[in-house]
Amino acid sequence: MTKNPTNPENEKMLNDDYLWNASGTPDPEIQRLESLLADFRQADRALILPAQIPAAPRRFRALLIPMLSLPRLAAAAGILLAAGLTLFFFTRPKPAPEAGPAWDVANLQGSPQIGAKAIAANQAAAKLHVGQTIVTNADSRASLSQADLGEIRIDPNSRVRLVQTDANRKRIQLDVGTIHAAIWAPPGTFVVDTPSAVAIDLGCSYTLHVSPDGSGELHTTYGWVGFHLHGRDSFIPAGAMCSTRPALGPGIPYFEDATPAFREAVAQFDSNSENSADRSAALAKILSEARAHDALSLWHLLSRANATERAEVCARFAALVPPPNGVTRAGILNLDQSMLDLWWNSLGLGEISTWRFWQQSAYPQPSANTQELLQKKQSLSKP
Amino acid sequence: MAALSELGAPRSGPPAVNAVHETGGPDDALVRAAQHGDRIAFGLLYARYSRMVHGILLARVPFSDVDDLVQDVFLQALPRLTTLREISRFPGWLASIARNRATDFHRRTKPTDEFDEQSDSAQSSTSAPSANHSSHSSAEAHAALDAIRSLPDTYREPLILRLVEGMTGPEIAARTGLTHGSVRVNLHRGMQQLREILGRKASPPTGGAQ
């Protein structure tokens, strides 16, 4: 658009730099809206592609042009007739897919259902296919199993959908209810989507509960689990638990044998906004109640705290678990990722490279060709 | 995810990097590579364009359905990519798929589940963000989103991309295939209308009190 400076609207627009490209003098109202609306922003969810890509729908025109001759028109009429008859027989509603990869389902109690079908107690070969949902009522329980994955037991009043199962990823969605997972697949293979976080198995067994309001709780009994949402990660080792709430994502994990005051303070810290008095009080309680074992929670607090709080947490953490070589106070206060990783590894709760590997595989990296291309572009664009 | 990470190598070989480099920008090169079956290139396109798709959908459908629909849009786009003849039109083409998917969403949704601005706001505790917000600021966020959604199509899409997705005007233009001029005008006028709506809400008329 040509800007005419004599037009008052254009003149105003020329002063709209902050709205246009976030430069110039910040507009307080726009800043307020940006802050208010930030939670509606796209979460960093990876794209899940099917193993087989369906064929592209052919264009009508591309089909029509080769047919523009009389013999072909006659053939087309025949095809149309056949298509009409086929359509007649196939237009009834179809049940959920019952083909392709599936997991074994066993009835442990009552009458769990896949779609409208109840699974009989002695049914030998019940299967849950990708896209199907298994539902248990108040009196029923079921189990899912897959030879190279492990077993997932589903408690009453639960709803679980099988989202993906292939060589590299097994994924289910827990809408509501409780599952107990015992997984022997390699770390990072088994993923559970919940309404408020994604749980990534890192070699373990655990219990995951999702309430009807979408909030959840994860208790790890062996190994460790990663909980992830909106770039916020929580690691839950054996003996620890972590709560999660819609949009907030995973909270700060803590060991279940921590003092009640410590646990209460962690919950308070998670639920209170920055700069609130309650949050300051909760942080003070966390730091005073923390044992060396609770360094798990303090490590997570480092990245959830603001700059002032972080300095306090860092001091207490260092008093409980001396930082290893290569970790400096300044680096931690600046949230240096490699230093945070080093300090985490010194806790002996799990090797964080497992998680970093999962992040890299979950978020696709450029192919060699693409990387080369992008590097060339970047070098060309430099002055 | 895994399916992406396992597929770095194109099936039938994309154009050579140098040739691609000389004939088009990085997005063009990625689109061309994706057309040749390079899923990593498609994953990169997803990384670059998913915010735009998210914003377009958020302008039209309930927040709780947007993430799933973003996936749908890219899954619809992937097999159709080979039918895209003018690679430079990829942004507009993808935006159209997103808008059509939103329309289709409303067509397929049962009447009782129809998107309703009021009920969408009311169900904020389960389907919308409350992170780091008190219930008051969450309600304010919903009110602001609803106000943007009440604007004409032309204004609400760029405003959501700017205020929610955090894209700048030039980014919006590049991602949607619109000109800088149209995006700037739409942002400016949309913001003016939004200020009026929010101003009215902040100071409701006091008629009757004499």
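Visitor: How much of chain A counts as buried?
Guide: Of its 383 residues, 33% count as buried. A residue is buried if 20 or more other C-beta atoms lie within 10 Å of its own, exposed if 12 or fewer, and partly exposed in between, with C-beta atoms placed from the backbone. This is a predicted model, in which local features need pLDDT of at least 70 and side-chain atom pairs count only at pLDDT 80 or more, while totals for chains, interfaces and linings use all residues. Residues are numbered from 1 along each chain as its sequence is written, and chains are lettered from A and ligands numbered from 1 in the order in which they are written.

Visitor: And chain B, how much of that is buried?
Guide: For chain B the figure is 43% of 210 residues.

Visitor: What secondary structure do they have?
Guide: Chain A has 13 helices and 18 strands. Chain B has 12 helices and 0 strands. Helices (H or I, at least four residues) and strands (E, at least two) are DSSP runs, numbered from the N terminus.

Visitor: Let's pick a helix. Which residues of α11 in chain A are buried?
Guide: In α11(A), residues 337-346, they are Met339(A), Trp343(A) and Trp344(A).

Visitor: Where do they sit around the helix?
Guide: They fall within an arc of 140° seen down the axis, so they line one face of α11(A). The arc is that of the directions from the helix axis to the C-beta atoms.

Visitor: What about the other side, buried or exposed?
Guide: Gln337(A) and Ser338(A) are on that other side of α11(A), and they are exposed.

Visitor: What covers the buried residues?
Guide: The cover of α11(A) includes α8 (295-304) and α10 (329-333) of chain A. Two residues are in contact if their C-beta atoms, placed from the backbone, lie within 7 Å.

Visitor: Back to α8. How does it pack with α9 in chain A?
Guide: α8(A) and α9(A), the latter residues 307-320, pack at an angle of about 150° with their axes 9 Å apart. Axes are lines fitted to C-alpha atoms, for helices over the stretch in contact, and angles run from 0 to 180 degrees between N-to-C directions. That makes the two helices roughly antiparallel, a label for angles over 145 degrees, where under 35 is roughly parallel, 65 to 115 roughly perpendicular and the rest oblique.

Visitor: Which residues make that contact?
Guide: Among them are Leu298(A) and Trp299(A) from α8(A), and Val313(A) and Phe317(A) from α9(A). By class, the contact has 9 nonpolar, no polar and 2 charged residues. Ala, Val, Leu, Ile, Met, Phe, Trp, Tyr, Cys and Pro count as nonpolar, Asp, Glu, Lys and Arg as charged, and the others, Gly among them, as polar.

Visitor: New topic. What follows α11 in chain A?
Guide: Gly348(A) follows α11(A), and its phi is positive, near 70°. Gly348(A) lies in the loop between α11 and α12 (353-362).

Visitor: Why does Gly348(A) count as exposed?
Guide: Because Gly348(A) has 9 C-beta neighbours inside 10 Å.

Visitor: Which residue other than glycine has a positive phi?
Guide: One of them is Asn157(A), with phi near 55°. Asn157(A) is in the loop between β7 (150-154) and β8 (159-165) of chain A, and with 16 C-beta neighbours inside 10 Å, Asn157(A) counts as partly exposed.
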